[in-house]
Amino acid sequence: MNIALVHDYLREYGGAERVVEVLHEIWPEAPLYTAFIDRTSLGEHASRFDGWDIRTSWVQKNIFVKKYISPLRFLAPKIWSSFDLSQYDVVLSSSGWFMCRGVALNREKEKVLSTKYLNLSTPLHISYIHHPPRNLYGYATGSDLQKYALVRAYATVVNFFLRQYDFRAAQAVDLFIANSKETARRVEKFYRRDSTLIYPPIDIPPTTDHRPRTYFLSVGRLTWSKRIDLAIQACNDLNLPLKIVGVGKEDKFLRSIAGPTIEFAGGVSDEKLAELYAGAKALIFSALNEDFGMVPVEAMAHGTPVIGLAQGGVKETIVDGKTGFLFDSPDVESLKIAIHTFQKSKISAKNCIAQAKEFSKERFKRVIQEFVDKKTHH
């Protein structure tokens, strides 16, 4: 089977990029088509993609577009239509806000040709969707620039046309795989399409490190939608130690509000992250309307409970009172109450690990390979 992988772009390393890595483990010979790769921004994670057959678009050589890819998102149709993937049997896209499932639009050209009695086969397009573009449908994004009137006016115009493009691109997909029930609901709501649920892959360590647990932990991109400021302010008020893992555009602001008990670790290796999970009393996860949220499951895989905001996919992974505690409102007081509740309770590490195993990498690889095999031999 001749298969191509597609991903929005490679600039930050997060959950979506972990999924692409595992897809590449399953199909190591498959080329990866992506808008661009920014090895400098990927930092130490750039080496993860060494030796891959990565095929980038014209954006790769355009420094300006790479730097301002978010405000220049109206270029997405031009970027994805520049790829010709007609030679593949299967196109498997790992798609989020930059709508790389739009590569399927190149099949429209082939359909036009086929009406002229040229019997062209077209690839089966399977889209593993992390979330419909949050900025197009009113969900919190990586920045809070919407508070500026000029930005809102620009976004209103651009997003109007991109929503139409996004809908058309979604109709050209043959099969959707959603990474959570929450994402499946959004796919049905915005695209009127059904999807198959396959939770993303989580690495489960073979043994759990039983080191002392002495601090709270935050892991994730330092962007506005992750609301790491809530964790900082709560731990400031309660005088609790908090370690923050991640890099992003909110770094300077978050450091400016951090008190003496807050420590920034920046980007860390998988080995260091595993140590940090193992030494944490609990993970604090305050992301707004997270589609799935791999970080809470990673924490539970190390026996670490999660104090999580009860929005989006987080409600599918954390068992309230058994593997952590959910708080209802994205504000400091609500989080502080959840922290107090946690401190008075005793969460079993065994329960956390057992819950995380429901989302293991082995399960993901088996299920998605069976799905693709079944659909291609149907």
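Trainee: At roughly what angle do the axes of helix α11 (residues 294–301) and helix α14 (residues 349–356) cross?

Mentor: This is a predicted model, in which local features need pLDDT of at least 70 and side-chain atom pairs count only at pLDDT 80 or more, while totals for chains, interfaces and linings use all residues. Residues are numbered from 1 along each chain as its sequence is written, and side-chain values use heavy atoms, with hydrogens and water left out. The axes of α11 and α14 come within 7 Å, where an axis is a line fitted to C-alpha atoms over the stretch in contact and angles run from 0 to 180 degrees between N-to-C directions. The two helices (DSSP runs of H or I of at least four residues, as strands are runs of E of at least two, numbered from the N terminus) cross at roughly 130°.

Trainee: Is the crossing of α11 and α14 left-handed or right-handed?

Mentor: α11 and α14 are oblique to each other, the class left over once angles under 35 degrees count as roughly parallel, over 145 as roughly antiparallel and 65 to 115 as roughly perpendicular. Val297, Met300 and Ala301 of α11 are in contact (heavy atoms within 4.5 Å) with Cys352, Ile353, Gln355 and Ala356 of α14. A crossing is left-handed if the near helix is turned anticlockwise from the far one by less than a right angle, and right-handed if clockwise; that of α11 and α14 is left-handed.

Trainee: How far apart are the axes of α8 and α13, and what is the handedness of that crossing?

Mentor: The two helices pack at an angle of about 60° with their axes 9 Å apart, and that angle makes α8 oblique to α13. On the α8 side the contact is made by Leu230, Ala231, Gln233, Ala234, Asp237 and Leu238, and on the α13 side by Val332, Leu335, Lys336, Ile339 and His340.

Trainee: Which elements do the buried residues of α13 pack against?

Mentor: Helix α13 covers residues 332–343, and its buried residues (under 20% relative accessible area, with exposed meaning over 50% and partly exposed in between, for a 1.4 Å probe and protein chains only) are Val332, Ser334, Leu335, Lys336, Ala338, Ile339 and Phe342. They pack against β8 (215–219), α8 (228–238), β11 (280–285), β12 (306–309) and β13 (324–327).

Trainee: How many of the twelve residues of α1 are buried?

Mentor: In α1, the buried residues are Ala16, Glu17, Arg18, Val19, Val20, Glu21, Val22, Leu23, His24 and Ile26. The helix is therefore largely enclosed by the rest of the structure, and the buried count is ten.

Trainee: Which residue has its backbone nitrogen 2.8 Å from a polar atom of the side chain of Gln60?

Mentor: Gln60 sits in the loop between β3 (54–56) and α3 (63–67), and at 24% relative accessibility it counts as partly exposed. Leaving aside residues up to four places away in sequence, Gln60 touches Ala35, Phe36, Ile37 and Lys66. The residue whose nitrogen lies 2.8 Å away is Ile37.

Trainee: What is the relative accessibility of Thr183?

Mentor: Thr183 lies in helix α7 (residues 181–191) and touches Ile129, His130, His131, Pro132, Ala178 and Asp291, not counting residues up to four places away in sequence. Thr183 counts as buried, its relative accessibility being 0%.

Conventions: The expected span of a helix is 1.5 Å times one less than its number of residues. A polar contact is a pair of N or O atoms within 3.5 Å; within protein, one must be able to donate a hydrogen and the other to accept it, and residues adjacent in sequence count only if both atoms are side-chain atoms.
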